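The sequence and the structure come first.

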Amino acid sequence: ENEQQALENLKKEVFDPTNLPPSWIVGEDCCEGEGVMCHNLTRHVIELHIRNGLYVYLPRYDLRINNFDWLPSLSNLENLEMVDVDLSNVTNWLQVSTMLPSLVDLSLVNCSPHHIPPLLLHNFSSLETLNLSCNNFSSSIHKWIFNLPSLVSLGLSVSNLIGPFPEGPVNFTSLRSFRAGFNHFNCSLPRWLVDLNNLETLKLRYSGIEGAMPREVGNVTKLRILDLSYNNLNSTIPNWIYRCQDLVSLSLGESNIEGVVSNAISNLSSIIGIELFGNMLSGKLPGKLSKLQWLNLSGNLFKGEVFELFNSSSFLWVLKLRNNSLTGTLPESLGQLPMLEEFDISNNRLEGVVTESHFTKLTQLTDFYASNNNLTLKMLNLSHNQFVGEVPTISTPYNWLMLLGSNNFSGPLPLVSRNVFEIDLSNNSFSGGLSHFLCETNKNYKFKFLNLEGNDLSGEIPDCWMNWRKLIVLNLGDIKLIGDIPKSMELLKIDLAENEFVRQLPPWLGMKFSDFIILSLSANRFYGELPPEICYFKDLQILDLANNSFFGTIPRCISNLTAIVSGNKLGEAYIEYFDHYYDSSEGNLGERAMVTTKGNIYQYDKILASVTSMDMSNNNLSRDILLSFTSLVGLRFCNFSKNHLTGRIPNGIGNMKVLKSLDLSENQLSGQIPQSLSSLSTLSFLNLFYNNLSRKILVSTQFQSFNSSSFQGNDLCGPPLFANCNSGGQIPDVDTEKDESDCWILFNSKRRSVTPVPIAMTVLKGCKPLQSVTLVPTAMTVLKGCKPLQKHHQVGYK
């Protein structure tokens, strides 16, 4: 009842405009109030927590308590915590608190209690935690605080304490944590403070400590956290620190420390964080710290190389070494720090080349600073990340690669230094036209490779390539371009796929760009006949004209594509490129091409030099496949599907010994499958689906491995189809004499016609009438637009 009354009295003393602190209602169990905790058995109040903003964010000191007269009635209270509660009117807060015989934890954080009294009127022997942080006492720290024998944790940070620590001796044998940073002690560190045997945490950052640290102290081996940063210690690092084998965090930054870091620092086997920045430390960098996670040695006088440091710990996530005198090269072992997020080695004397190997495993890296060294950057690869925003003007005095593809960059294309010789800005959200990027300059660029595919660019390709004479590879795919292809280009590869070009293929293309090695114009709206001038591409190895509206025949001169005929590898300029980028250890991005083969689209890069491909699928090409086509004996991937090709598959196709993929599906080819096709041991994909081919499928190990779908929609028989062949290698005749009441007719799903021949068929559903056919004895209907339901060897429609 006394405790219930005490809490009701407390409520009367609380000034709260929102009425949101604990609501102790008269006549109800006080233990049900918010912020109140009672003993499970005795039901005495043992904890009281009052926090401004615990239930709603209030302006500071909207919650106010005017006196502590109610507190002594809570005689069993063990824990009293108040945070952001205005106690400025409570002048007797300490005297009343000492009247609680069971009080163990007292926390009055940011409460502005009255000054700390110099003397205690009652014994405070039970107290284990005292936290008076974030107040404004404007007084010295009194000795009684350091004579609480049971005290384990003392917090006095940011409390405007003034003057020196009291002189010893002190009765602080149980203390494990002392936090008193951001005060104004203006004295040296007392020896008794670092002589406390049980001390684990000592934090005195920004506390006005002056003078040298004690050189020799007692047993402080339990110390785990030591923070004396931003003081004026004016000393070297004392040897007793190196004996703290349990130390996990050492912070002595900006504390006027000089001398060298002893090799004995390797004794700190548990250390995970060191901050020694902004001092005058010299010598070599410390090493052999296997658990280190963050290290800040910036703003010192360290010399020598950094190699050993990078080999010391794989757990580093912050490494700051700026403003020293470090020399040598940047070790490639930097790239083996998978946890590294922030790295700063600015303002040193490092030299050498920074390559991609320096960043091999830095998947967590967010900040990298290396300015004001003598480092040379040959490549910047930020591709496949989530960078956003505009890219500013890119300027560099060195020849280098810049790879920014597959991010979320936006805005206009950036202006680029003439020394950049490869740039990849693909798969971003850059917008606008190309003229600003390509034409508004009088520089002679060293560019060899330019990739802008997959952006939101538009407009025409400007005719200002006279400044880009060294350009070899140009990729402008999937950016909504229109207009003409400029004659001023001189390239080995151009990719204009997935744009909006509507025109005939200009005849001059083959004559002007006879050195083309890769030409991709797929998924546009090119139309007309293929000009014979495309046969001038003597070095062409990859030709992609798929998904356009070309018509007419495949040019007879196609056998003039000598690179595909001979199977030669890429031209001299490309070979130089591949040797440099794929045979080196630099791991650069290199060139790549998309090739449709085996019914899928594959990306080729490292073996691109040996790829030969021709894709004219999904056009309106017609007539025979000329015998001259079979002269392309170096062709590896061929796709002529979805055209209107007729006639037979030329028997000379067996000469194409390196052919790996052949797709002639959905044409009107007829006759037998040539026997020579079975001799192509390299052929791993064949699609003859939906033609007019007939007779028996070739018998060979190669052909039996192909899926039956490769042969469906023809008049073929034999494995892997279910339709058997007769002795003549044809589908046998079927007996059509049936009972008039049960007459069946066979339906050929490719030719949309009625036939009495039992071929491998598909049961159909959802069919639409095409024409009515009378066939005795039952009137039947030929169907179109059917959907497969299930497969059968012989199917009839009743």
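## Disulfides and the basis of the model

Searching the whole structure gives 4 disulfides, a disulfide being a pair of cysteine sulfur atoms within 2.5 Å. When the bonded cysteines of the chain are numbered in sequence order, they pair as 1-2, 3-4, 5-6, 7-8.

The model is predicted, so that local features need pLDDT of at least 70 and side-chain atom pairs count only at pLDDT 80 or more, while totals for chains, interfaces and linings use all residues. Residues are numbered from 1 along each chain as its sequence is written, and side-chain values use heavy atoms, with hydrogens and water left out.

## C439 and C464

The sulfur atoms of C439 and C464 lie 1.8 Å apart in a disulfide, and this link is left-handed, with -65 degrees about the S-S bond. C439 is partly exposed at 27% relative accessibility, whereas C464 is buried at 9% (buried means under 20% relative accessible area, exposed over 50%, and partly exposed in between, with a 1.4 Å probe and protein chains only).

## C535 and C557

C535 is joined to C557 by a disulfide with an S to S distance of 2.0 Å, and the torsion about the S-S bond is about 75 degrees, so this disulfide is right-handed. C535 is buried, at 5% relative accessibility.

## C717 and C725

Between C717 and C725 the S to S distance is 1.9 Å, and the torsion of about 115 degrees makes this disulfide right-handed. C717 is buried at 0% relative accessibility, while C725, at 25%, is partly exposed.
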